[in-house]
Amino acid sequence: MSGLAALLERDIRLAVRLGGGAPMGVLFFLIVVTLVPFALGPDLALLRRIGPAILWLGALLASLLALDRLFAADHEDGSLDLILMSSVSLELAVATKALAHWITTGLPLVIAVPVLALFLGLEPWTMGAVALTLLVGTPALTFIGTVGAALAVTLRRGGLILAILVLPLTIPVLIFGVAAANSAAVGPVPFGAPFTILCGLTLISFVIGPFAAAAALRHGLE
Amino acid sequence: MPLLDLANPSRFLSLVDRVLPWLVVATVAVFAIGLYQALLVAPDDYQQGATVKIMFIHVPNAWLAMFCWVVMSIAALGTLVWRHPLADVAAKAAAPLGAAFTFLCLLTGSLWGRPMWGAYWVWDGRLTSVLVLFIMYLAVLALWRTVEDPSRAARAAAILTLVGAINLPIIKFSVDWWATLHQPASVMRLGAPTIHSSILVPLLIMGLAFMLLFLTLHLAAMRNEILRRRVRTLRLMQAQAGA
Amino acid sequence: MHLGPYAGFIIAAYAVALAVVAGLIGWIIADHRAQMRTLHDLETRGISRRSSTREVA
């Protein structure tokens, strides 16, 4: 267990020191949220109505862009091979790396939501709902993303194919995340139903993600 | 030639050491006068009441936001065209300052907007342009952090800065056009308060105060950057000597 | 000083400006101290630049 704790600490330290993940992810999130009014017009009433959707899409894309740094650095300097060869279960190692990745790139996105919600004129209640659904949903995005990152690890310019692999898989999370956030604001559907399903999806991703990613790594690196 | 003299970092450092205390005194003095004028002397606007006092912070920061990019652009030319050694340092030191003043402009604008239009943020032409400027400052900062080698980072940042300098007027024009294209339900305008001398004078004094603040902070930050590069050089020497 | 019904916003604006400026000043001073400390550190260990007259240990 202490091996995994060490891996977690190492990954978090590296991510913080390199500094690329969190600030750039949040900056990208901000840019996406800014782009939408340029495309749609500054109608605050419209922005308020689609606000939760914009925030979810922005967070989804920002999560996606950060994914290629999950395995890439370790693959390049050989640490990934060491992890594969070690006695630690690869599935658990992948889950640990995914957790570190979420803490350093996914969680900051959630923290940025209140500020970005301000730009879209969301009510505090809606802002809270979006933040909560993203808090539950971004881990799912990360863990599902590890599958794509693992599949693409040996590819040099893996960026686009990573997106193509991961995005369809994230659709259920997006659907129920936005539904839950919206229902808290407008709510023909009560918040509880989609939110519970969102939680379920996240829990499933905790299992499927590491197993599939581990299998992908084994096949990709042998 | 004095500019070439300044090219020597050591001489620049001693110049900063001598000048900085005076700049600090001047900055504090002008701020004291400015704040007194802004808070106690300036009258309320007949439309906006006392909230016009926020303008004395908001507008000077808007000026600084644009001025810093100009400073960075001149430094960028220094880096790319003349290879002036202090140009890199000047550019790097100005970036976080510019970002901070732009941020302050946005924040005070938002606080001004809430009583004025009832919303903390509206997508009107001017505010939106400043938001884009803020994002571009963050982009330059990201570039400085991402490229490891200092001189390569300086050249990359210089190119981005100059491209930004050309683009910013274009962006401003486009955003203004976009803002007029979509007339919101209630016409929201950042109505310029009736500018007459009782409001203009405090504004200009505060403007001067902030400008002096920038000058002080910029020189101090440049000094830090020069010291930081010295540390880096020494560390590299240390590593090479196998110490 | 009568700040009117929106006094809170005015105070908030000035307070936030003060906070940001104080933050910048604090960062620059702290950075200066850190660099001077590191330079002093390196110098006492005998590592110096070509232009200074100390010999490298």
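Let's start at one residue. A:L155 sits in the loop between helix 7 (124-151) and helix 8 (159-185) of chain A. Helices here are DSSP runs of H or I, at least four residues long, and strands are runs of E, at least two, numbered from the N terminus. Is A:L155 buried, exposed or partly exposed? It counts as partly exposed, because it has 14 C-beta neighbours inside 10 Å. The cut-offs are these: buried means 20 or more other C-beta atoms within 10 Å of a residue's own, exposed means 12 or fewer, and partly exposed is in between, with C-beta atoms placed from the backbone. From A:L155 to A:L198 is 43 residues in sequence, and 31 Å in space, C-alpha to C-alpha.

A word on what we are looking at. This is a predicted model, where local features need pLDDT of at least 70, side-chain atom pairs count only at pLDDT 80 or more, and totals for chains, interfaces and linings use all residues. Residues are numbered from 1 along each chain as its sequence is written, and chains are lettered from A and ligands numbered from 1 in the order in which they are written.

Now chain B. It has seven helices and zero strands. From the N terminus on, the order is α-α-α-α-α-α-α. The C-alpha trace of chain B spans about 70 × 40 × 35 Å along its principal axes. Of its 243 residues, 39% count as buried. Two residues are in contact if their C-beta atoms, placed from the backbone, lie within 7 Å. Take the contacts in chain B between residues at least 6 apart in sequence: 81% of them join residues at least 24 apart.

How confident is the predictor? pLDDT is its confidence in each residue, from 0 to 100. Chain B averages 86, and 91% of the residues score at least 70. Helix 1 (residues 2-6) of chain B is lowest, at a mean of 55, while helix 3 (residues 55-82) of chain B is highest, at 94. Over residues 184-190 of chain B, pLDDT stays under 50.

Stay with helix 3 of chain B. Its 28 residues should span 40 Å at 1.5 Å a residue, and its end C-alpha atoms are 39 Å apart, which agrees. The expected span is 1.5 Å times one less than the number of residues. Just after this helix, B:R83 takes a positive phi of about 55°.

Next, the core. A nonpolar core is a set of buried Ala, Val, Leu, Ile, Met, Phe, Trp, Tyr and Cys residues joined through C-beta atoms within 7 Å. The largest one has 145 residues, and A:F29, A:L116, B:A91 and B:A94 have the most contacts inside it. Helix 4 (residues 85-117) of chain B gives this core its largest share, 19 residues. Which residues does A:L116 contact, leaving aside neighbours within four places in sequence? They are A:F29, A:L30, A:V33 and A:L55.

Last, the chain pairs. Of the two pairs that touch, chains B and C have the most contacts. There, 25 residues of chain C meet 33 residues of chain B. The chain C side has 18 nonpolar, five polar and two charged residues. Nonpolar means Ala, Val, Leu, Ile, Met, Phe, Trp, Tyr, Cys and Pro; charged means Asp, Glu, Lys and Arg; the others, Gly among them, are polar. Chains A and C do not touch, and their nearest C-alpha atoms are 16 Å apart.

Note on methods: pLDDT is the predictor's confidence in each residue, from 0 to 100.
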